[in-house]
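Please look through the sequence and the model below before reading the notes that follow.

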Amino acid sequence: MTSPAPANWDYEVIGMITAQTTSGTGFLTELSRDFNDFFGTSSNTSSRKVEAATRICKADLRVQCVRLGGNAIISTDIDFSEIGSGSSNMLMVCMAGTAIKVKELANINEDRKNSILEVIELTQKLEAITKVRV
């Protein structure tokens with residue numbers, strides 16, 4: 001995932017992809033947040049929940065990209081929002097990006113190339129498992 005696309009990439013645009021996740025904050029998280037708010041400190045519990053939701057969205061975008069035939073995502077955007085009030089707070093993370101197919105992977109550094117190949121391999125395994133279960 002990158003924003004914007006590096007200048008030396010030769011690629012074909014596949015299309016926009018989106019991912020979102022919503023999760024409850026839970027009673028203990030709310031209690032912790034109230035405590036942190038009162039004393040003006042940061043909430044590690046809330047930060048971990050935001051981080052986990054962000055990882056889920058990134059993974060979802062990568063799988064969608066590979067399923068569409070892409071191998072990279074550019075121009076990504078991420079938004080965070082809180083839904084509800086009082087004890088029914090929910091955390092929402094939304095991501096969007098443009099799925100692309102990089103035509104020549106030779107111009108990409110080795111770490112990124114390995115990450116691309118790993119996501120493609122894992123998505124193919126996921127597809128195989130899904131087909132077996134259906």
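In what sense do strand β2 and β3 pair, and over how many bridges? Strand β2 (residues 72-83) and β3 pair in the antiparallel sense, over ten bridges. This is a predicted model, in which local features need pLDDT of at least 70 and side-chain atom pairs count only at pLDDT 80 or more, while totals for chains, interfaces and linings use all residues. Residues are numbered from 1 along each chain as its sequence is written, and side-chain values use heavy atoms, with hydrogens and water left out.

**Strands**

- Helices (H or I, at least four residues) and strands (E, at least two) are DSSP runs, numbered from the N terminus, and two strands pair if DSSP finds at least two bridges between them.
- β1 and β3 also pair in the antiparallel sense, here over 13 bridges, and the bridge partner of Y11 in β3 is V102.
- E82 stands opposite L91 in β3.

**Nonpolar cores**

- A nonpolar core is a set of buried Ala, Val, Leu, Ile, Met, Phe, Trp, Tyr and Cys residues joined through side-chain atoms within 4.5 Å, where buried means under 20% relative accessible area, exposed means over 50%, and partly exposed lies in between (1.4 Å probe, protein chains only).
- The largest nonpolar core has eleven residues, including I17, C57, L91 and M95, and β1 (11-24), α2 and β3 (90-102) each supply at least two residues of this core.
- Another core, of seven residues, lies apart from it, and among its members are W9, V102, I108 and I116.
- Leaving aside residues up to four places away in sequence, C57 touches A19, Q20, T21, V93 and M95, a contact being heavy atoms within 4.5 Å.

**Salt bridges**

- A salt bridge is a side-chain nitrogen of Lys or Arg within 4 Å of a carboxyl oxygen of Asp or Glu, and by this rule the count comes to four.
- R55 and E51 meet in a salt bridge of 3.1 Å, N to O, and these two residues are separated by about one helical turn because they are four residues apart in helix α2 (residues 44-67).
- R67 forms a salt bridge with E127, with the closest N and O atoms 2.1 Å apart; R67 lies in helix α2 and E127 in helix α3 (residues 110-133), so the pair ties together parts that are 60 residues apart in sequence.
- K113 and E110 form a salt bridge of 3.9 Å, N to O, and both lie in helix α3, three residues apart, about one turn of the helix.
- E110 counts as partly exposed because its relative accessibility is 48%, and E127 counts as partly exposed at 25%.
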